[in-house]
Amino acid sequence: MKLTVLGPFSAAIDGVPIVPTAAKPRQILALLAVQAGQVVTVPSVIEEVWGAAASPKAHISVQTYVLQLRTFIGQALGDPAAAREVLVTRPGGYALLTGPDAVDAHVYDRLCAEAQTAVERGDDARGARLFRTALELWHGDAFADVCTGAVLGLEAMRLRQSRTGVLERRIAAELRLGAHERLLPELASLTALHPHDEALQALYMAALDRSGRPEDALTVYDALCRRLDEQYGLLPSLELRRLAAGVRPRAATASPA
């Protein structure tokens, strides 16, 4: 079984799709997928699909949708009875049993953890490579074509925040490896897309400075200062101000007298 949530949702067994087109069973399958191997309680399913609008008989609807999902799974397996061994009933809920690398989000989390361990051990090359592999699993927004409620909404937020942090850690590792000039086009694009992300702005400044362009690094900083002041009345972080202070002497030296 292969399930993808880092973009449009898909699920297939031996290449046979098992994703319903109806919104609610699709949403339940996505919830089971992202928590594959764990029990998803009936109250958790009800909270995800209906929230405060749930009726007293919502648990019956959950049973109906689970039966529909088992029908899809059974058809893909060519054995309706075997579906109960894949989407199993457990005390208080249900669990989708899959292989260890069946869900792309789980593979992503594992790769990120391995990459972080490598970086912490000083192996930036391995860390950057693993971070890049993890990011390549994304093909759009998490749960891009699934209605998300309280549970999946939180998971989608976690994954989005993780993606941004992993991107920044990958670039930082590559900067430490001396790839500053190669990273400039990517950082120019990222900072234009995320004009208030101070971590990305700092990485762009560092890449410009190390590429022999300290004046441009300060231009990036000054533009960020204006945006933060005009829109929020804020100063950049202390870390960013210190970075700019370190760049200024080199910019002054590089500027014509």
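Mentor: Residues are numbered from 1 along each chain as its sequence is written. As the model is predicted, local features need pLDDT of at least 70, side-chain atom pairs count only at pLDDT 80 or more, and totals for chains, interfaces and linings use all residues, while side-chain values use heavy atoms, with hydrogens and water left out.

Trainee: Why is glycine 165 called buried?

Mentor: Buried means under 20% relative accessible area, exposed over 50%, and partly exposed in between, with a 1.4 Å probe and protein chains only. Glycine 165 has 16% relative accessibility, so it counts as buried. Glycine 165 lies in helix α6, residues 150-176; helices are DSSP runs of H or I with at least four residues, strands are runs of E with at least two, and both are numbered from the N terminus.

Trainee: Why is glutamate 155 assigned to the buried class?

Mentor: Its relative accessible area is 18%, and therefore glutamate 155 is buried. Glutamate 155 also belongs to helix α6.

Trainee: What makes the link between glutamate 155 and arginine 158 a polar contact?

Mentor: A polar contact is a pair of N or O atoms within 3.5 Å; within protein, one must be able to donate a hydrogen and the other to accept it, and residues adjacent in sequence count only if both atoms are side-chain atoms. The side chains of glutamate 155 and arginine 158 are joined at 2.9 Å. Apart from neighbours within four places in sequence, glutamate 155 is in contact with Val34 and Phe143, contact meaning heavy atoms within 4.5 Å.

Trainee: How do you know that strands β1 and β2 pair?

Mentor: Two strands pair if DSSP finds at least two bridges between them. Three bridges join β1 (residues 2-4) to β2 (residues 10-13), and these strands run antiparallel. Leucine 3 has alanine 11 in β2 as its bridge partner.

Trainee: Why are helices α8 and α9 given their relative orientation?

Mentor: The axes of α8 (residues 198-210) and α9 (residues 214-232) cross at roughly 160° and come within 7 Å. Axes are lines fitted to C-alpha atoms, for helices over the stretch in contact, and angles run from 0 to 180 degrees between N-to-C directions. Angles under 35 degrees count as roughly parallel, over 145 as roughly antiparallel, 65 to 115 as roughly perpendicular and the rest as oblique. Therefore α8 and α9 are roughly antiparallel to each other.
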